[in-house]
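Dear colleague,

I am handing over the structure below, and after it I set out what was found. Please read the notes with the structure open beside them.

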Amino acid sequence: MQTILIVDDVEINRELLASFFENQFNILEAGDGEEAISIINEKKKDISLIFLDLIMPKKNGIDVLIYLSGEGLLNQIPVIMLTGEVTEETDMKAYEYGASDVIYKPFTKKIVTKRAMNLMEQFRSREKKETELSFRISEEFDSMEQLAKMNEFLLDALGSVAEFGSLESSVHIKRIKNFTKIMLKHVKTNYPEYGLSDRKIYLMTQAAALHDIGKASVPDEILKTPRKLTSDEFHEIKKHTTDGCEIILRLQMADNEFFQYCYNICRWHHEKADGKGYPDGLVGNEIPIYCESVAVADCFDSLIRNRIYKEGVTCSEAFDMIQNGACGAFSDVMMNCFEMAKQDLFQVVGTENRI
């Protein structure tokens, strides 16, 4: 049975909250912050949710949040802050220190139980998707030696994601890698001024597998919607570029070549040569050639894939659409390489689409 910890210096509040959940969960109670920390230290592997009062003797709710943060537990245990102060400042302080939600006193059973159950389900779903993502990424790295070197980064990246949304299919990831590799090989052969080597192409190709890692923070209802996105929903989707970068930046390893490729690809795989892309509106040569390669690969695969909201087109149709600007502007170098890569790209798709 899952365990809920209720932390409040007022006994009647603890009894009320306990009555909401006692038939479904094991209930632990603490009357102040010090007692809460002691219980958490002993039972942290069992606790699925913490109700935490803000104002308490000895150690208050913020002190407990600081402890949880220092122990790395805020990504494992959701915390609902309890307060009688209905102010924006109180809310911001609670969220700033890592609370997942804020509920005001007096309590309403329906609201409290609904929000608590949603939070626990969200954290369980995240853990499941974290395991799935770890497995998929491991499959994508062909070189065990490279996988060993990158393993620490991948695990830390997964651990730092706050909420996991729907992940791209393994077929999409494999295609993006194959398409990117093909594009970069044509850049290497025909444009030596970019200084690409087989080693660099290998690392750039592996980094391409993480181009959409930031989508893990986009709600499922947006990623899976069968209709056209609203402007607000599209704004949320666009944030996946910078969200992916934040995962990498937290590791403070941007000086490493592979991590730099990951960062740049996450951030700039939706930039366009005419400055109309996002998030930074880069123009022309400001966009690294490997980021453009991933962008073209992503556009090509997005066009030929069947999605919830559309049927994929043929490879030939997708090729013409990209050349005609249906996916935005790409550099002349990239379009020349795209033309030269045409048959190689079609061959990767094989019988999956009509050519």
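How are H13 and H14 oriented to each other? This is a predicted model, in which local features need pLDDT of at least 70 and side-chain atom pairs count only at pLDDT 80 or more, while totals for chains, interfaces and linings use all residues. Residues are numbered from 1 along each chain as its sequence is written, and side-chain values use heavy atoms, with hydrogens and water left out.

The axes (lines fitted to C-alpha atoms, for helices over the stretch in contact, with angles from 0 to 180 degrees between N-to-C directions) of helix H13 (residues 289-304) and helix H14 (residues 315-323) come within 9 Å and cross at roughly 135°. H13 and H14 are therefore oblique to each other, given that angles under 35 degrees count as roughly parallel, over 145 as roughly antiparallel, 65 to 115 as roughly perpendicular and the rest as oblique. Helices here are DSSP runs (H or I, at least four residues), as are strands (E, at least two), numbered from the N terminus. The contact (heavy atoms within 4.5 Å) is made by Val296, Cys299, Phe300, Leu303 and Ile304 of H13 together with Cys315, Ala318, Phe319, Met321 and Ile322 of H14.

H14 also packs with helix H15 (residues 332-340), at an angle of about 160° and with the axes 11 Å apart, and the two are therefore roughly antiparallel to each other. On this side, Phe319, Ile322 and Gln323 of H14 meet Met335, Phe338 and Glu339 of H15.

With regards
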